[in-house]
Amino acid sequence: MTVKSTLRSLIYQSEKSVQKIRFASQPQELPILLGTSFPKSGTHLLDQILLGFSKVAPYAKRLHSFYAEYEGESGVKRPPEQALAWLDALRPYDVATAHLFARPETIARVCSSNFIPYFIFRDPRDVVVSHVFYVTEMEARHVHHAYYQSLPDFNARLNVSILGRPNTNIEFPNIADRFTPYLNWLDYPEVLTIHFEDLINDRAATLTRIMDHLLVRASLQATRQLILDSLESSINPSRSPTFRSGKTGEWKKHFTAEHKRVFKDVAGDLLMRLGYEQDNDW
């Protein structure tokens, strides 16, 4: 462990201790808050909301850590055991987030009494558009950055974000296959599923669902309105390094007829599974 990481850990644990003193009357130990997300689907927005619980309960005021199934700079897939070790390192009152595959062993841990889990996802058409901007313009260290910049235009980059890069040693499948390892999160009532779009277009109702998902498992010594106000006031898009517009349906500005065709070929069923379309007539 580096000096920087050691110092960060000490600060984190000190802040948790202060939180426990501040909310010493909290009647029970609180499970870990875990936000899971599909990449480019509102990860930072969910982070901020979950950290909002720290205003009304002894939860940590900053994230314990973030875990991703792939290393960002190399694109190497981490072994499943690493995800389990990360989950096992979390403790009560922690708040953590991850791009976490729904493997059976992972599900067994996350759906236990130790966690209160959430899963946020977004219209995959908006995901691929966001992915192009992120890889090309916002993250120079990303494993695909140089390749995306080498492509002639946005349309070519969008095709890659839809279809993946099958002819490379860096694993990057099409958008439907990228989502497949997350799909099982949708099947467990212990995990609250959140459409990113609902946080933009129907925020009050969605924040209420997020609050109630916790309150089913734990009681807080705060009124419902105070909890909701705490979650709402924690949202700050300017603090998200990847939050561009906060709009939904942006794909309509960027998809050509050809993009629609190839997307329907590889991921039309995914849109129906996630509830974004009833059929392929869009």
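Mentor: A definition comes before the pairs: a salt bridge is a side-chain nitrogen of Lys or Arg within 4 Å of a carboxyl oxygen of Asp or Glu. Keep in mind that the model is predicted.

Trainee: Which residue forms a salt bridge with Asp 212?
Mentor: Side chains of opposite charge can pair when their charged atoms come close. For Asp 212 the closest N and O atoms of the pair are 2.8 Å apart, and the cut-off is 4 Å. The residue that forms a salt bridge with Asp 212 is Arg 224.

Trainee: Which side chain meets Asp 187 in a salt bridge?
Mentor: Asp 187 is in the loop between α8 (175–179) and β5 (192–195), and its partner is in helix α13 (residues 257–273), so the pair ties together parts 86 residues apart in sequence. Asp 187 is partly exposed, at 45% relative accessibility. The N to O distance is 3.1 Å, and the partner is Arg 273.

Trainee: Is Glu 250 buried or exposed?
Mentor: Glu 250 forms a salt bridge with Lys 253, with the closest N and O atoms 3.3 Å apart. Lys 253 is exposed, with a relative accessible area of 59%. Buried means under 20%; at 12% relative accessibility, Glu 250 is buried.

Trainee: Why are the buried residues of α11 on the same side of the helix?
Mentor: The buried residues in α11 (residues 224–233) are Ile 227, Leu 228, Ser 230 and Leu 231. They lie on the same side of α11 because the arc they cover around the axis is only 160°.

Trainee: Which helices are included in what covers those buried residues?
Mentor: The residues in question are Ile 227, Leu 228, Ser 230 and Leu 231. The cover includes α2 (43–51) and α10 (203–215).

Trainee: Which element gives the most to the lining of the second largest pocket?
Mentor: The second largest pocket has a volume of about 290 Å³. Its lining has 14 residues, with Asp 47, Gln 48, Leu 51, Lys 61 and Arg 239 nearest the centre. They divide into three nonpolar, five polar and six charged. With four residues, the element that gives the most is α2.

Notes: Residues are numbered from 1 along each chain as its sequence is written. This is a predicted model: local features need pLDDT of at least 70, side-chain atom pairs count only at pLDDT 80 or more; totals for chains, interfaces and linings use all residues. Side-chain values use heavy atoms; hydrogens and water are left out. Buried means under 20% relative accessible area, exposed over 50%, partly exposed in between (1.4 Å probe, protein chains only). Helices (H or I, at least four residues) and strands (E, at least two) are DSSP runs, numbered from the N terminus. The arc is that of the directions from the helix axis to the C-beta atoms. Contact means heavy atoms within 4.5 Å. On a 1 Å grid over the protein atoms alone, a cavity is a set of points where a 1.4 Å probe fits but cannot get out, and a pocket is an open set with protein on both sides within 12 Å along at least five of seven lines; lining residues have an atom within 4 Å of a point. Grid points are joined across faces, edges and corners, and a volume is the space filled by probe spheres set on the points. Ala, Val, Leu, Ile, Met, Phe, Trp, Tyr, Cys and Pro count as nonpolar, Asp, Glu, Lys and Arg as charged, and the others, Gly among them, as polar.
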